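Biologist: I would like to learn how to read disulfides and nonpolar cores in a model. Can we work through one case?

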Amino acid sequence: MPFPTSTALRLGAWAAGAVATASFLAGASLPLDAAPQPPPLQGTTWKLVGIQSMDDAQGLRRPADPSRYTLSLQTDGRAVLQLDCNRATGSWQVEPSADPGNGGFRFGPLNSTKALCPEPSLGGLLARQLPYVRGYLLRDGRLNLSLLADGGILIWEPSAGAGPGYSNRPDPALEAAILAASPDLRRTVGSTAGGMGRISYVHGRTDLDGDGRQDVLVYLMGPYVCGTGGCTLLVFRQEARGYRLVSSFPTSRLPVIVPAAGRSRWRDLWRMQSGGGAPATWVREVFDGRGYRSKELIPAAGGPPVGTAVLSGNPSLAEGAPLLPRP
């Protein structure tokens, strides 16, 4: 829900005040006997929940998946950012006021990858606005970064404890099921049969069929299982003796959203697909008694479907659990 106009005006007034405070502090000096204090915000990690424009016509823009837009303010002065499908690194510094809850804030030059993220994406907009951040305000647990000349507010929430939206903990039983479903992945790098290169995976769990067991959504990453349209998504049912493959989707993107239980025993899935110049689309997958089949398509530009993101984020190949061939 967009902020009321009065809220936006208050934030704009605060932004101007924060920049003025920072300008005053630039010429001030601490008393000689003042004890040094660690910079505010040091060692904190945040996820983007909104970009508030001071233009009522634009209002508040929210990311479909906040876990794809993160900011880590590291203790060594480095800033590490996830900008949807791109990553950026640089430096950050604060100029605190007498109240450590607000003051000046700037990013140094940021080096970013240049991948074209599928729409709808706030990655490009966020990357363009970050160099113009001039102030910060901590309020109600949120970090508000103000832009130069009342350009807007970048609104962040703490991400510590929320998790990355996936698990990368190795699961030998799950790996055995993956390899049984995809025997080609057993070929090792440099084998005479032709290696597939390194493969890794992340996973998320939920009860899809209402039997009380946690079924598993697996996202495979690597040169053999990914393409321009995304990577391979596998759906496994957990049974008494292990995992059974239910469905495989060769080109999917995260997040995967599971709506609340409906009339049927199996819950639907919403997954995102894009690539080949086509706009990003949400695909509703419905269980037909044997596996999931595509039932409905909606444009991703309209925002995410209602439900729980069981598998989300933007994991890299290095961040996934390695899929190790087993005898």
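Modeller: What follows goes through the disulfides, then a serine, then the cores. Keep in mind that this is a predicted model.

Biologist: How many disulfides does the structure hold?

Modeller: In general, a disulfide is a covalent bond between the sulfur atoms of two cysteines. The structure here holds two disulfides. With the bonded cysteines numbered in sequence order, the pairing reads 1-2, 3-4.

Biologist: Which cysteine is the partner of Cys-85, and how far apart are their sulfur atoms?

Modeller: Cys-85 is joined to Cys-117, with 2.0 Å between the sulfur atoms. The angle about the S-S bond is -95°, and this link is left-handed.

Biologist: Which parts does the pair of Cys-85 and Cys-117 tie together?

Modeller: Cys-85 sits in the loop between β4 (78-83) and β5 (86-96), and Cys-117 in the loop between β7 (111-112) and α2 (123-129), so the link ties together parts 32 residues apart in sequence.

Biologist: What can be said of the link of Cys-226 and Cys-231?

Modeller: The sulfur atoms of Cys-226 and Cys-231 are 1.9 Å apart. This link is right-handed, with 105° about the S-S bond. Cys-226 is partly exposed at 29% relative accessible area, whereas Cys-231 is buried at 11%.

Biologist: Now the serine. Where is Ser-121 found, and what does Ser-121 touch?

Modeller: Ser-121 lies in the loop between β7 and α2. Its relative accessibility is 16%, so Ser-121 counts as buried. Setting aside residues up to four places away in sequence, Ser-121 touches Tyr-69 and Asp-84. A polar atom of the Ser-121 side chain is also 3.1 Å from the backbone nitrogen of Gly-123.

Biologist: Last, the cores. Which residues have the most contacts inside the largest nonpolar core?

Modeller: A nonpolar core is a set of buried residues joined through side-chain atoms within 4.5 Å. The largest one here has 26 residues, and those with the most contacts inside it are Leu-41, Leu-71, Phe-105, Phe-107, Leu-145, Leu-154 and Trp-156. Take Leu-41: beyond its neighbours within four places in sequence, Leu-41 is in contact with Trp-46, Leu-73, Trp-92, Val-94, Phe-105, Tyr-136, Leu-138 and Leu-143. There is also a second, separate core of 20 residues, which includes Val-202, Leu-217, Trp-266 and Tyr-292.

Conventions. Residues numbered from 1 in each chain as written. Predicted model: local features only at pLDDT ≥ 70, side-chain atom pairs only at ≥ 80, totals over all residues. Heavy atoms only, no water. Buried < 20%, exposed > 50% of the residue type's maximum accessible area, 1.4 Å probe, protein only. Contact = heavy atoms within 4.5 Å. Disulfide = S-S within 2.5 Å. Helix = DSSP H or I, 4+ residues; strand = E, 2+ residues; numbered from the N terminus. Polar contact = N/O pair within 3.5 Å; in protein donor to acceptor, adjacent residues only side chain to side chain.
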